[in-house]
Amino acid sequence: MTKKIKINAALLVLCCIMFTVGCKKENKIDFTKQEEIQSKGSYILYKLKDGGQVSVYINEKGEYIVGGDVVLSKDQINYLETNKIGAKSNGNQTQSTFTGEFVKLWYEGVVYYTINDPNNSSSIIAAINHWESNTPIRFVQRTYQYNYVNFSGVPSQGGGSSYLGMKGGMQEIKLIPNAGFTVAVHEIGHALGLMHEQTRTDRDQYINVNYSNINNDWKFQYDTYSVQGREGEHYGPFDFQSVMLYRSINSEASINGSSVPQMTRLDGSTWGDNYYLSQGDIDGINYIYTPIKIGWVSNYSEITDVSEYANKCKKDIWINFYEGNFNWITLPKPITVKIVCTRKDYSNHNYVYQIISQNIITLPAGTQQYQIGTETYEEQYDQNMNEMDGSYSITYNVIRMR
Ligand SMILES: [Zn+2]
């Protein structure tokens, strides 16, 4: 017993030392400084048809970056290009493979990852543990999964860089050598779909942004971010403890080395760095990753046995919603779904598929059921019950987007 107690005491001391060392390291971290933008690139301000606008920095590598360290995926750039004011309608565009969603979430909150950054691996693992112990997000080492985060490489600017949300395929989180725990937590936040706290569209109700002491290279990092004005982008009151918030005073962003803050509370007071996930960060992640599942209800509205070898039927399709083990719910928050209608024809002994329509809709909070359409089947078989040319079906598929 004595021995065991001694070991525990030793562990306690060891933990204290590690914690102290950790804190000292953390005090050096200043990701706002590290997110300095080089002046080689160019800026584009996207003004969108829905009234939102996004400032994008294009660096010398041609990467599209918002908010200093968030790299946009091709889908996201496509989204901006096709939704900006003056863009041609893409109604007839046949190769429209992009989702139309600006931020995609990780399916069921599971993030697959690989670490190819030995210099930062202990910080990355600590950051992953921090996310897992505070949120329902789970990180699983990738084996063969298509969508995953690869911790690898050094950012072309700043202390770290990350895609916003799930990009699809491999996406990198890049960290400078010895970037530290907090930068890793912050960049993972972007990969989960979080933006910088100061870019909220309602931030002026909480803070003053002093553009007169922000140099041109940094201005866009303080602009509000309102792409679709969707609920869930800003959850709860402005969070001064958020790990996604820049500090008040960022000397790199100032004009002529002035120490005037770039941001203050409305009463003029300032804040410093945040090292850990705040309750607001945790609530926000819980909000966007609440596991709502989509159920499926169908009613035959017509069944016609044309003959022994042919039938015709119609089914009206609704979706409804549940949590856990089929606990039916009304939507506690809006969700966005993509409804795909597909026609399948049997022709020349082959099935030919054709997408008839794809719609992305946001169902409001309080929705119990939503009718998505009517499926049709007209099937003919030969005497050996093989399907014959002329058979077809029209069916629906529903994909939860967020
Ligand atoms: Zn950031």
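This is a predicted model: local features need pLDDT of at least 70, side-chain atom pairs count only at pLDDT 80 or more; totals for chains, interfaces and linings use all residues.
Two packed helices are described by the angle between their axes and the distance between the axes. Helix H4 spans residues 121-134, and helix H5 spans residues 181-192. Their axes come within 8 Å and cross at roughly 55 degrees. H4 and H5 are therefore oblique to each other. The crossing of H4 past H5 is right-handed. On the H4 side, the contact involves Ser 123, Ile 124, Ala 126, Ala 127, Ile 128, His 130 and Trp 131. These meet Phe 181, Ala 184, Val 185, Ile 188, Gly 189 and Leu 192 of H5. Ten residues of this contact are nonpolar and three are polar. No charged residue takes part in the contact of H4 with H5.

Side chains of opposite charge can pair when their charged atoms come close. Six salt bridges were found across the whole structure. One of the pairs, Lys 174 with Glu 172, has an N to O distance of 3.8 Å. Lys 174 counts as buried because its relative accessibility is 13%, under the 20% limit. Glu 172, at 25%, is partly exposed.

Arg 200 pairs with Glu 197, with 3.1 Å between the closest N and O atoms. Both of these residues, Arg 200 and Glu 197, are buried. In the salt bridge of Arg 203 with Asp 204, the closest N and O atoms lie 2.7 Å apart. Arg 203 is buried, at 5% relative accessibility. Asp 204 is exposed, at 52%. Shared partners also link salt bridges into one network, which joins Glu 197, Arg 200 and Asp 202.

Conventions
Residues are numbered from 1 along each chain as its sequence is written. Side-chain values use heavy atoms; hydrogens and water are left out. Axes are lines fitted to C-alpha atoms, for helices over the stretch in contact, and angles run from 0 to 180 degrees between N-to-C directions. Helices (H or I, at least four residues) and strands (E, at least two) are DSSP runs, numbered from the N terminus. Angles under 35 degrees count as roughly parallel, over 145 as roughly antiparallel, 65 to 115 as roughly perpendicular and the rest as oblique. A crossing is left-handed if the near helix is turned anticlockwise from the far one by less than a right angle, and right-handed if clockwise. Contact means heavy atoms within 4.5 Å. Ala, Val, Leu, Ile, Met, Phe, Trp, Tyr, Cys and Pro count as nonpolar, Asp, Glu, Lys and Arg as charged, and the others, Gly among them, as polar. A salt bridge is a side-chain nitrogen of Lys or Arg within 4 Å of a carboxyl oxygen of Asp or Glu. Buried means under 20% relative accessible area, exposed over 50%, partly exposed in between (1.4 Å probe, protein chains only).
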